[in-house]
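Trainee: Hi! I'm new to this one, could you walk me through it?

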Amino acid sequence: MSAHPHVHLILMAKRTAGSMSLFLWFLTWRPSSALSLLLLSVVGRQTGLEVVQATVCSRLESLKNIYAMAFAVEEINRNSTLLPGVKLGYRILDSCSRYPWALQGGELVPLLIGASRSTTGIMLSRILGPLSVPVISYLASCPCLSDRTKFPNFFRTIPSDIYQARAMAQLAIRFNWTWMGAVIENSDYGQLAIQVFQEEIQGKGVCLEFIETLRRETIESDARRAALTMKASTATVILIFCWYTDVKKVFLELAKRNVTDRQFLASEAWSTSDDLLQDLAISKVASGVLGVALQSSTIPGFENYLRSLHPSHRPDDEFFREFWQKEFGSCSGTESLEGVQHPFTDTSQLRVAYNVYLAVYAAAHALHSLLSCPNRDSPPGNNSSTCSSPKHIKPRELLQHLNKVNVTTPQGEMFYFQGADIPAKYDLVNWQNTPEGSLKLVLIGRVDGFDLHLNESAIQWSTGSNQVPVSVCSESCPPGTRKANRKGEPLCCFDCIPCAEGEISNTTGSLHCERCPSEFWSNVEQTACVPRQLDFLSFNETLGITLTTAAVSGAAVTTAVFVVFIFYHKTPMVRANNSELSFLLLLSLKLCFLCSLVFIGRPSVWSCRFQQAAFGISFVLCVSCLLVKTLVVLAVFRSARPGAETLMKWFGPGQQRGSVCLFTSIQVIICAIWLSLSPPEPRRDLGFQGSKVTLECAMASVVGFSLVLGYIGLLACTCLLLAFLARKLPDNFNEAKLITFSMLIFCAVWVAFVPAYVSSPGKYVVAVEIFAILASSYGLLLCIFAPKCFIILLRPEKNTKKNMMAR
């Protein structure tokens, strides 16, 4: 369909003087709103060219299309190689708003050129199909007419609408117009075109906010409704599949409401309409229109042909006479179209007229093929090729030859039918402002089949700039976010949700966020995965510095106590409390404080193995000293009883050292077996989701670690029990009370350690263990040695044997 006159051309045979003439019936139809109609009758000439009973509309484009047909016929008649010995003629008939099968005369014709509307083409093809009469349309563009099973006798020189609808969809996708509106006419043209458009944009992120339908019967109210819808819409790009007169109504309604910020996509039905381009009332509304147009072409010699037309040469052509009088005011014979700039003689961009021209040539070549029999003079039964004579043209035979048309046009282009269609070619046009205030048509690209070629820099948009208009329901989600559809709204309306930690989206408009690989984490912008930072308890961080300071301080205090005890080793306070075990206990406490430093820093194979062994052995050595001290206290008081003198020989200095070594050796054996079979190894802990990966010493064997802690706990509980039993023994030198308090603190710390250790994340597992080591070490150091140092340093008068023996 196009914004041009509806013309039908019918081919029929007729004998003229001296030659055979084939007449083309050329029917035109215009809507009831067209200008006045005239009936012309011209006597046929010897050339075979006749115009009989022509009823046409007085519009320039209609007239140009008619004379494009006449020019093609005359050009063919002058061609000595195409249809030699045969002359073509034509009849021009108007359906006058009636369907074209109501033809005057009622002759059965072998071929019809016509059907300017898809609906008309469907009806013509169905009616003439059983008779195998070919129908060649130059304007019926419905995709349905390509179905050869339903319309085997239909041909057209205009591309199917499927190509222009797909081209418009490609434009929408190319310019990221995801939120659009559509206005269509209530016909096969509009309905099927929008259907193809919707199929093409499906899954491509383009949505239609509304589809307004215009009916010819109620165009005024429909135009107002469509204008109000567009004004209220958030879509700034509007697709229109309508007849140009309907579009004009809509534009006038938009102009009344000062809606000038919409970008329109035009179908070929109105994209080249001079009525719209030259109308100043709608120029602000229509500025920037981007449209698909029938491919423009030129017909060599056609302009000169039009300029040579004169009423004196066509005395019976009353329609041309009326045109002439309207333009020049008289028919004196001195007027001429030569040198006059007039739309009628403008052949720079022929569109529909060229389609008519091609249709005539297609019919001529099919006739030529049909009439060209190599064995025409042989008996009928021996003629193997399908051919006929001008006297007896059978529509079925002509249809067969029309299917095989494959020729080169006078313009040097290959012309052939692909089923019902010709190869699709369109122009892409843009309506741009002129200094006079009107609009001009500018070629900005082309469509070749499904391929779109566009010069974007040449486009002038509705905004008046070269900046592509934005038409979206929701702005595209930037990288780092994902789309979240709004409930009950189209897919093009959405919210942008930031990606969760550990997930990224690195493209615009992502539907989903992708999770980073295990060794990586999302950056701050959530746009890229970056390697996780290694996380471990370092000497440089606050927690590490605090624990290191506490450990070093504990070791220093222990050393100070050791020095005090050496300096005062001859005093009763030091000697009365088993000085050898006291010095060994201070040494083990110092090792406990220092072993905590092994847990700080980057874990390695050797540090992981050494830290637990050092911890386990140091604490067993420490608790063993306390246990032996407690046993000695109990033995001393037991030996004071009658008959128990021999008890002390089992708790002499040698036995004390041996006991400590025995208890410690057991822990050494446990650690040796554990470390040889399944030692702790450095491992990256990815279980704790975050931007850091924890580097830790993984316990390959929980049993080994449990045995180490269990053995320490066994010794500590035994020591606590014995110390508790010996706490009320007489004499001031009795250490059982101090040991009892120290072991209570020790056991409390390690009982609390187990749940805290299990529940702590990442590097804080190590911090909990260090804290337990330091807390228990400080508890032992302060509970046992602080009272003694207090007496030695601050109450020396109490550091006497008499005071130690007092009860």
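Mentor: A salt bridge here is a side-chain nitrogen of Lys or Arg within 4 Å of a carboxyl oxygen of Asp or Glu. Keep in mind that this is a predicted model.
Trainee: Okay! How many salt bridges does the structure hold?
Mentor: There are 21 salt bridges in it. One of them joins the side chains of Asp-421 and Arg-156, at 2.6 Å from N to O.
Trainee: Where do Asp-421 and Arg-156 sit in the chain?
Mentor: They come from distant parts of the chain, 265 residues apart. Asp-421 is in the loop between strand S15 (414–416) and strand S16 (425–433), while Arg-156 belongs to strand S8 (residues 154–156).
Trainee: And is Arg-156 buried or exposed?
Mentor: Arg-156 is buried, with a relative accessible area of 0%.
Trainee: Got it. What about Asp-222, which residue does its side chain meet in a salt bridge?
Mentor: That would be Arg-225, with 2.8 Å from N to O. Both residues lie in helix H5 (residues 219–232), three residues apart, which is about one turn of the helix.
Trainee: How accessible is Asp-222?
Mentor: Asp-222 has 4% relative accessibility and counts as buried. Arg-225 has a relative accessible area of 33%, so it is partly exposed.
Trainee: Which residues do salt bridges with shared partners join into one network?
Mentor: Glu-212, Asp-222 and Arg-225 are joined that way.
Trainee: Changing topic: where is Ser-607?
Mentor: Ser-607 is in helix H16, which covers residues 605–639. Ser-607 is buried, with a relative accessible area of 16%.
Trainee: What does the side chain of Ser-607 reach?
Mentor: It reaches the backbone nitrogen of Ser-604, at 2.7 Å. If you leave aside neighbours within four places in sequence, Ser-607 is in contact with Val-598 and Arg-602.

Notes: Residues are numbered from 1 along each chain as its sequence is written. This is a predicted model: local features need pLDDT of at least 70, side-chain atom pairs count only at pLDDT 80 or more; totals for chains, interfaces and linings use all residues. Side-chain values use heavy atoms; hydrogens and water are left out. Helices (H or I, at least four residues) and strands (E, at least two) are DSSP runs, numbered from the N terminus. Buried means under 20% relative accessible area, exposed over 50%, partly exposed in between (1.4 Å probe, protein chains only). A polar contact is a pair of N or O atoms within 3.5 Å; within protein, one must be able to donate a hydrogen and the other to accept it, and residues adjacent in sequence count only if both atoms are side-chain atoms. Contact means heavy atoms within 4.5 Å.
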